[in-house]
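Here's a quick briefing for anyone meeting this structure for the first time. Have a look at it below, then read on for the main points.

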Amino acid sequence: TSHGGNLIFTTLSIKEVLPLIRYNLKDMGGQIDFNQMKKILLDFGIDIEIKIPFPFLYVFGRSDGTLKFYGSSIYQNMINDAIYKSRTLFSKTTNNFKMCVEHDMNHTPYIRIDIQLRKGVKKSAFLAKEFQRKIESEIFSTSEDIKPKKAYLDKYYKKGISKVKLFSYNEYPHKS
């Protein structure tokens, strides 16, 4: 079931020694009624024949802030660590940031990172690129499951796997 955007699961197997009751995986998502999904698919010209009309579940992220990117987990602490390791970058930010996976006009996914700058720090393309470089370096050096994909990602992501958007202190759009 979906409870406040979190998917809650219960295992129903006699083989389970200790079944999980209302277990929260921290996955965000929901469910779509069978008839509603059938209508959505028909709108796209897809007609499905399913005998048992179960609802459809969808997952779009994790409530603990972890992102999935090409099957790899990207954790908030990777971004924190990249910022903390650079005195220059750390001195320019409040360390408030928000990350998500978005898609460009070609439907190619990328990691978007919105960063709040300290009062008086000016935004610049150069500074955004520095944040991006340090963050991606941290991701590729600490995420064991993304390391094997680096050659592929380097080939198809000429400008990097992330896009950093800097916000002045007063214009940061996310609640802290």
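**A turn of helix 1**

Lys39 and Asp43 sit four residues apart in helix 1 (residues 34-43), so about one helical turn separates them. The two form a salt bridge, and their closest N and O atoms are 3.3 Å apart. Keep in mind that this is a predicted model. With that said, here's a tour, topic by topic.

**Salt bridges**

- Side chains of opposite charge can pair when their charged atoms come close.
- How many salt bridges does a search of the whole structure find? The count comes to eight.

- Three strands make up an open sheet, in the order 7-8-9, and the pairing is mixed.
- At the edges you'll find strand 7 (93-103) and strand 9, each of which pairs on one side only.
- On average, and ignoring direction, neighbouring strands of this sheet are turned by 20° against each other.
- Strands of a sheet pair through backbone hydrogen bonds, either parallel or antiparallel.
- Which sense do strand 7 and strand 8 use, parallel or antiparallel? They go antiparallel, with eight bridges between them.
- Two spots show how this pairing lines up: Glu102 stands opposite Tyr110 in strand 8, while Cys100 has Arg112 of strand 8 as its bridge partner.
- Strand 7 and strand 8 form a hairpin with five residues between the strands, and there His107 takes a positive phi near 70°.

**Helices on the strands**

- Helix 2 (residues 76-85) lies across strand 7 and strand 8, and runs at about 135° to strand 7.
- Helix 4 packs on the sheet too, where it touches strand 7, strand 8 and strand 9.
- The direction of helix 4 makes about 135° with that of strand 9.

**Around Lys68**

- Lys68 belongs to strand 5 (residues 67-69).
- Leaving aside residues up to four places away in sequence, Lys68 touches Ser73 and Val101.
- Lys68 and Val101 are 33 residues apart along the chain, yet their C-alpha atoms are separated by 7.8 Å.

**The second largest pocket**

- Rolling a probe the size of a water molecule over the atoms shows where empty space is left.
- The second largest pocket has a volume of about 240 Å³.
- Its lining has 13 residues, and the closest to the pocket's centre are Gln132, Lys159, Gly160, Ser162 and Lys163.
- Which elements each supply at least two residues of that lining? They are strand 8 (109-117), helix 4 (125-142) and strand 9 (162-167).
- By type, the lining of the second largest pocket has five nonpolar, three polar and five charged residues.

Technical notes
Residues are numbered from 1 along each chain as its sequence is written. This is a predicted model: local features need pLDDT of at least 70, side-chain atom pairs count only at pLDDT 80 or more; totals for chains, interfaces and linings use all residues. Side-chain values use heavy atoms; hydrogens and water are left out. On a 1 Å grid over the protein atoms alone, a cavity is a set of points where a 1.4 Å probe fits but cannot get out, and a pocket is an open set with protein on both sides within 12 Å along at least five of seven lines; lining residues have an atom within 4 Å of a point. Grid points are joined across faces, edges and corners, and a volume is the space filled by probe spheres set on the points. Ala, Val, Leu, Ile, Met, Phe, Trp, Tyr, Cys and Pro count as nonpolar, Asp, Glu, Lys and Arg as charged, and the others, Gly among them, as polar. Two strands pair if DSSP finds at least two bridges between them. Axes are lines fitted to C-alpha atoms, for helices over the stretch in contact, and angles run from 0 to 180 degrees between N-to-C directions. Contact means heavy atoms within 4.5 Å. A salt bridge is a side-chain nitrogen of Lys or Arg within 4 Å of a carboxyl oxygen of Asp or Glu.
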